Amino acid sequence: MNTTEAPGIEEQYVSACHTSNMRVEADRRGAGDVIIAAGMNPVRLGGALLRLHTRCDTLGLEKVQIAVSIQANYMGIKSPDSISSAVVGWWLSKVCKKCHGRKFDVIPNTPSLSTKHCKACYGTGEERIPFGDDGRALASWLDDCKAAAVHSIKRRLRPTT
């Protein structure tokens with residue numbers, strides 16, 4: 001029995017961003033439908049975050065950092081520009097640089113993993129969020145924005161029958 005899952009909205013979006021076939025057909029959903037639904041998304045920051053995960057461009061990154069800095073200021077976070085910049089950088093690349101997301105240390109001189117958790121990430125596979133609670137609050141807000149965008153796209157792609 002094959003238990004493979006259908007691709008989620010984020011995976012469909014990434015695939016749609018890299019396809020050359022944007023044909024829209026009445027009887028099936030394609031990449032064009034996903035891009036259209038993403039364009040109708042009212043959560044602009046969430047859409048920008050999805051785009052940054054598919055391709056990092058300087059202008060998009062700058063717009064996201066400005067929006068996050070404004071939110072940090074609104075939340076009363078001191079030094080909003082530097083904290084927001086660090087949090088956006090972490091959010092885009094959370095993987096622990098020591099264990100490369102594997103969560104365990106490598107046994108020296110072998111390609112095998114040990115049973116010891118990585119000391120840098122404590123076995124999570126992710127870097128620590130910068131700036132403690134302030135960074136965590138901003139990262140949570142970024143997650144919420146992206147989740148709202150994904151939900152909006154999913155809702156628009158739902159069959160109307």
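Predicted model: local features only at pLDDT ≥ 70, side-chain atom pairs only at ≥ 80, totals over all residues.

Student: Is Ser84 buried or exposed?

Tutor: Buried means under 20% relative accessible area, exposed over 50%, and partly exposed in between, with a 1.4 Å probe and protein chains only. Ser84 has 1% relative accessibility and therefore counts as buried.

Student: Which backbone oxygen lies 2.7 Å from a polar atom of the Ser84 side chain?

Tutor: That oxygen belongs to Pro80.

Student: In which helix is Ser84 found?

Tutor: Helices are DSSP runs (H or I, at least four residues), numbered from the N terminus. Ser84 is found in H5. H5 has 13 residues and reaches 18 Å from its first C-alpha to its last, close to the expected 18 Å; the expected span is 1.5 Å times one less than the number of residues.

Student: Why do the buried residues of H5 line one face?

Tutor: An α-helix has 3.6 residues a turn, so residues three or four places apart point the same way. In H5, Pro80, Ile83, Ser84, Val87, Val88, Trp90 and Trp91 are buried. Seen down the axis, they fall within an arc of 165° (taken from the directions from the helix axis to the C-beta atoms), so they line one face of the helix. Their cover includes H3, H4 and H6.

Student: Which residues touch the most other members of the largest nonpolar core?

Tutor: A nonpolar core is a set of buried Ala, Val, Leu, Ile, Met, Phe, Trp, Tyr and Cys residues joined through side-chain atoms within 4.5 Å. Here the largest has 17 residues, and Leu45, Leu49, Val64, Val68, Val87, Leu138 and Leu142 touch the most other members. H3 (44-54), H4 (58-74), H5 (80-92) and H6 (132-157) each supply at least two residues, with H5 giving the most, 5 residues.

Student: How many residues of H3 are buried?

Tutor: H3 is mostly covered, with 8 of its 11 residues buried. Among them is Leu45, which, apart from neighbours within four places in sequence, is in contact with Val64, Ala67, Trp141, Leu142 and Cys145.

Note on methods. Residues numbered from 1 in each chain as written. Heavy atoms only, no water. Contact = heavy atoms within 4.5 Å. Polar contact = N/O pair within 3.5 Å; in protein donor to acceptor, adjacent residues only side chain to side chain.
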